[in-house]
Amino acid sequence: MADPIQEEINKEVAAHKILIYGKGTKQMPMCGFTRETIQFFDKYGYPFELIDVLSQPAKREALAKMTNWPTLPKVFIDGQFYGDTDILDPMAAKGEIEPLLKKAFGK
Amino acid sequence: MITPDVLTEYVRKVMPDAAVTVMDRTGTMNHLKVVVVSAAFAGKNLLDRHRLVYQALDVPMKDGRIHALEITAQTTEEA
């Protein structure tokens with residue numbers, strides 16, 4: 001029953017403490033929201049991975065189904081889905097991001 | 001592009017009490033910031049609140065009338 005795309009996603013989510021599925025690369029984000037998300041995590045100084053799914057419609061579809069979230073970017077922290085900066089910004093304002101990342105990186 | 005009235009209609013199909021504010025981020029009326037205030041958000045976390053808004057705007061997002069969307073979802077008490 002293993003769907004290869006879903007398996008690939010599970011592996012990626014498990015491999016990176018902070019993972020962004022977005023459009024483009026860190027050097028050249030192809031979408032304003034992806035850029036905002038990169039800038040968001042740049043502030044914290046923890047390593048994060050950006051996976052470009054701009055040209056992978058099947059993977060985008062699988063991600064949308066899995067998270068019940070239609071848009072990119074999609075952020076996973078420590079294996080859990082956190083939406084995008086619409087969710088992360090209010091969390092940061094409440095001081096919830098720093099402890100979450102500390103815990104994720106075992107600090 | 002989509003007008004604020006049409007967008008509001010879509011939201012109210014799912015949340016009839018919703019107060020909707022639409023801001024145009026790019027001057028093209030397809031990169032939007034939308035503030036939705038509704039009692040439907042009570043007891044829901046942010047992810048589920050946003051899922052509700054995405055669900056309401058599924059049609060204009062899929063057909064491209066809305067290209068990018070920034071959401072604020074609040075209950076009446078929070079607004």
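What covers the buried residues of α2(A)? In this predicted model, local features need pLDDT of at least 70 and side-chain atom pairs count only at pLDDT 80 or more, while totals for chains, interfaces and linings use all residues. Residues are numbered from 1 along each chain as its sequence is written, and chains are lettered from A and ligands numbered from 1 in the order in which they are written.

The cover of the buried residues of α2(A) includes β1 (18-22), β3 (74-77) and α4 of chain A, together with β3 of chain B; helices (H or I, at least four residues) and strands (E, at least two) are DSSP runs numbered from the N terminus. Phe33(A), Thr34(A), Thr37(A) and Phe41(A) are the buried residues in α2(A), where buried means 20 or more other C-beta atoms within 10 Å of a residue's own, exposed means 12 or fewer, and partly exposed lies in between, with C-beta atoms placed from the backbone. They sit on the same side of α2(A), because they cover an arc of only 105 degrees around the axis, taken from the directions from the helix axis to the C-beta atoms. Gln39(A) and Asp42(A), on the other side of α2(A), are exposed.

Turning to the interface, 10 residues of chain A are in contact with 10 residues of chain B, contact being C-beta atoms, placed from the backbone, within 7 Å. On the side of chain A that touches chain B, α2 (32-42) and α4 (85-93) each supply at least two residues, and the largest share, 3 residues, comes from α4(A).

In chain B, the side chains of strand β3 (residues 68-74) alternate: Leu69(B), Ile71(B) and Ala73(B) point to one face and are buried.

Technical notes:
Contact = placed C-beta atoms within 7 Å.
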